[in-house]
Amino acid sequence: MKKFIAAAAAAFITCSAMSVTAFAEENSADIFVSVIDAESKVAVAQEAVTVTDIDSDGKLTVNDALVITHDKFFEGGSEAGYKTVETQYGDSIDKLWGVENGGSYGYYINNNIAMGLTDELKSGDYLNAFIYPDPNGWATTFYSWFDKNNTEANEGDEIEVTLKRASFDENYQLVPVAVEGAAVTVNGEATDVKTDAEGKAKIKLDKAGRNVISAGSIEGMTLISPVLIADVKAAETTTTTTEAATTTTTTTTTATTTASTSTAKSTAAAGTASPKTGDTGAAVSLVLLGTGVFAAFSLRKKHEN
């Protein structure tokens, strides 16, 4: 009986954990959020945000996403940077990214205009919220976007993009219009690339990593800055190792110094040389001659006496 109760308890705990996990998955959505500030700068560039039901209305909405985005990326959180107000049309934004301008804000889901803060979101959606640079410039300010939200490339590659802006027909249906003459920016820095009559532009990506591609306004028209993320892979560095055959030729020259010791018979002939055979004969002759002279002298002396 005890074993049965223990098994039942374990099964209950397992089922409860699975239910909680399933509930959490059903009640959250992973989306990408961009925020364009009052100076048309990209304050948040397609950052990943997990949306949960913050306002407890039973749905995952634009309002939930904006609260969480401010809490995650705005200094001071949503309390300092985001506020809504009840109007005759429902909840409306009263402060976005720390700016209060009387309600001049906008937000699009997947580059389509949203109808209100209660619009629902699902995983994979792109939410772009923005502040109108001129609160009274509705007629000359247009939401814009590229033909792709993100792309991948290798360092040094050239990519082509197409820039469009929102316009509306007589039935208030969104009509995409190509934007000509908009200067493309990369990571907030201007380039010399501009869109052509079809809104197309070619951009060379020289920096590895995450690149934020956007575009500036054109004469007579203010564009809400578009956002495209290019993940650029660093170029592979080919290391050629040239093993220089360093031939150290060690020439060992064995200098064989042959000390030729010429044993010269030092017969020092200066003064001490032994007389030769011919010299001995001459000496004997000289002695005999002296003896004869002495005898002759003695004999003469005798006759005189």
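**Ground rules.** The model is predicted, so I took local features only at pLDDT of at least 70 and side-chain atom pairs only at pLDDT 80 or more, while totals for chains, interfaces and linings use all residues. Residues are numbered from 1 along each chain as its sequence is written, and side-chain values use heavy atoms, without hydrogens and water.

**Fold.** I looked up the secondary structure and found four helices and 17 strands (DSSP runs numbered from the N terminus: helices are H or I, at least four residues; strands are E, at least two). Of the 305 residues, 31% are buried (buried is under 20% relative accessible area, exposed over 50%, partly exposed in between, with a 1.4 Å probe and protein chains only).

**Salt bridges.** I searched the whole structure and got seven (a side-chain nitrogen of Lys or Arg within 4 Å of a carboxyl oxygen of Asp or Glu). Side chains of opposite charge can pair when their charged atoms come close.

I checked Glu 47 and Arg 210, whose closest N and O atoms are 3.9 Å apart. Glu 47 lies in strand 2 and Arg 210 in strand 15, so this pair ties together parts 163 residues apart in sequence. Glu 47 is partly exposed at 28%, and Arg 210 is partly exposed at 38%.

Next I checked Asp 125 and Lys 122, which pair at 3.1 Å. Asp 125 is buried at 4% relative accessible area, whereas Lys 122 is exposed at 52%.

I also noted a salt-bridge network that links Lys 83, Asp 94, Lys 95 and Glu 100.
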